Amino acid sequence: MRRSGPNPKANKNILRLAYAVAGVFACLVLYLGYFLQFESDSVINNAYNPRVDLFAQRVVRGEILSADGQVLARTVTAEDGTERREYPGGSLYAHAVGYTGNGRTGIESLTNFYLLTSHVNLVEQVFNQFSGVKNLGDNVVTTLDSRLQQAAWDLLGDRRGAVAVMEPDTGKILAMVSKPDYDPNTIGEDWDRLTADEGGEARLLNRATQGLYAPGSTFKILTLMEYLREHPDDWQDFRFDCDGTYETGEYTIRCYHGEAHGSQDLAHAFANSCNGAFAQIGETLDKDSLRQLAEQLLYNRKLPLSLPYSQSSFVMDSGADQWETLQTAIGQGRTQTTPMHTLLITSAIANGGTLMRPYLIDHLENAGGQEIKKFMPDSWGELMTAEEAGELTEFMKLVVTEGTGSALVTDQYTAAGKTGSAEFETGRETHAWFTGFAPAEDPQIAVTVLVEEGGSGGRAAAPIARGIFDVYFSGQETGS
């Protein structure tokens, strides 16, 4: 009787199956690691995650506090046991802190899991469990500075727009204001009116992170940067004679209100925000290189931001026609950005080219005030070289000392920045921009301001930034 030996084909199939199972297992392990490292917080804190809401059955939602101890959100329990979320600041922190009830937004959403987690001592937790009493949730201490938040809110006044303030060397967001705003205390009662938005006010929109605008002359920071890269040895030779208009081919580019700037070198063309000079520069630049630079500075890319945001867009490519090239170079055309994105670029310049990851949460503490988790500054990466950041700083200082940013001239500190006036619709006033930092020689604070239909950036937006800088540095002097 003949015995059959091993079947090579069957062995190969078994081996392939074993490899496939091992591969699937490895993929699951890798995905689990990725989920725990990058996605778990977003899933846990999802505003519509019903499992997290189960925590609310045994934990009283914790407080949200400013960096200087002001209560921004708290839970008030009535005698009958019903709970109500209260926002002592009303609309002052509406878009930063957000709301909870009709879904969740802002910090209420970002830290939902933390607010419904309790670190009161174990004995108290056990006693409360048996007594049917809810434990007190942990408190979230933000990076928001109440003085700067109030100043930004007051200075913007009843105008539509946004203000965002950040520490460039840490990434701490110190203030964030968007107007028109809403009262989170009455979000339930006002919900239908707010979502219907019959007046087109978009009060629920956080204009600081979600409002898309033409960057106007603030984009000249990028145009200038590209020109310096393409002309490292001869940019000092640049000259342009401005009579208020720049005619090329069949097109005419006008400076703001037709102002004639006269003979301009590169630094003064930037300081005076000369559209003609930068339109001419735009025609000479390598379009592909400018697009690469824009994307290096996070256009068309994800931002390192935990709040919901709109992605900035830069669409010009090598096939762009002359008109699009001219418009793009001066921050018009189809380029769109948010105030927060502009602030990140500005902060990177202030921080020697390195962008710190922006964050809103400083630390967590239990109901007794004991710190249980600290969030530390984290570098996102290099947006430009230190040499480029230093060059741009010098140009931006001249904007303040001799150009359109003169509203920031003071003996108290030195500032660097860029103004902008962005057209968006024929017959309507331009949006006003300012973005900058101070002190210019050792930046501690960066500010971006956008005033919808504010007109001149130097007259409408720069004074708001000046007011915020004044509050910041006066606070340092008094030790508060």
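Over how many bridges do strand β9 and β10 pair, and in which sense? I looked this up in what is a predicted model. Strand β9, residues 161-166, pairs with β10 over 6 bridges, in the antiparallel sense.

**Entry 1: the sheet around β10**

The open sheet holds 5 strands in the order β10-β9-β21-β20-β19, and the pairing is antiparallel. At the edges I found β10 and β19 (416-422), each of which pairs on one side only. From one strand to the next, the twist averages 5°.

Helix α16, residues 386-402, lies across β19 and β20 (431-438). I read its angle to β19 as about 70°.

**Entry 2: Y182**

I followed the chain past β10 and stopped at Y182. This residue lies in the loop between β10 (173-179) and α8 (187-196). Is Y182 buried or exposed? Its relative accessibility is 5%, so Y182 counts as buried, the cut-off for buried being under 20%.

I listed what surrounds the residue. Leaving aside residues up to four places away in sequence, Y182 touches S91, A94, H95, G98, Y99, T105, I187, L194, R203 and L204. Of these I examined S91, which is 91 residues from Y182 in sequence, yet the two C-alpha atoms are 5.4 Å apart in space. I also examined A94: its backbone oxygen lies 3.0 Å from a polar atom of the Y182 side chain.

**Entry 3: cysteines**

How many disulfides does the count come to? I recorded 0 disulfides. A disulfide is a covalent bond between the sulfur atoms of two cysteines. I checked C242, whose nearest cysteine sulfur is that of C255, 3.7 Å away. The cut-off for a disulfide is 2.5 Å between the sulfur atoms, and C242 is in no disulfide. C255 is likewise in no disulfide, the nearest cysteine sulfur being that of C242. Both residues fall under the 20% cut-off for buried: C242 has a relative accessible area of 6% and is buried, and C255 is buried at 3%.

**Entry 4: L326**

I turned to helix α14 (residues 322-329), where L326 has its place. With a relative accessible area of 0%, L326 is buried. Which residues does L326 touch, not counting residues up to four places away in sequence? I noted Y246, T248, Y251, I253, A279 and E283.

**Entry 5: the whole chain**

The protein chain has 17 helices and 21 strands. Of its 480 residues, 51% are buried. Among contacts with a separation of 6 or more, 68% are between residues 24 or more positions apart. The accessible surface of the chain comes to about 22,400 Å², and carbon and sulfur atoms account for 51% of it.

How values were computed:
Residues are numbered from 1 along each chain as its sequence is written. This is a predicted model: local features need pLDDT of at least 70, side-chain atom pairs count only at pLDDT 80 or more; totals for chains, interfaces and linings use all residues. Side-chain values use heavy atoms; hydrogens and water are left out. Helices (H or I, at least four residues) and strands (E, at least two) are DSSP runs, numbered from the N terminus. Buried means under 20% relative accessible area, exposed over 50%, partly exposed in between (1.4 Å probe, protein chains only). Contact means heavy atoms within 4.5 Å. A polar contact is a pair of N or O atoms within 3.5 Å; within protein, one must be able to donate a hydrogen and the other to accept it, and residues adjacent in sequence count only if both atoms are side-chain atoms. Two strands pair if DSSP finds at least two bridges between them. Axes are lines fitted to C-alpha atoms, for helices over the stretch in contact, and angles run from 0 to 180 degrees between N-to-C directions. Accessible areas come from the Shrake-Rupley method with a 1.4 Å probe; for residues, only the protein chains shown count as cover.
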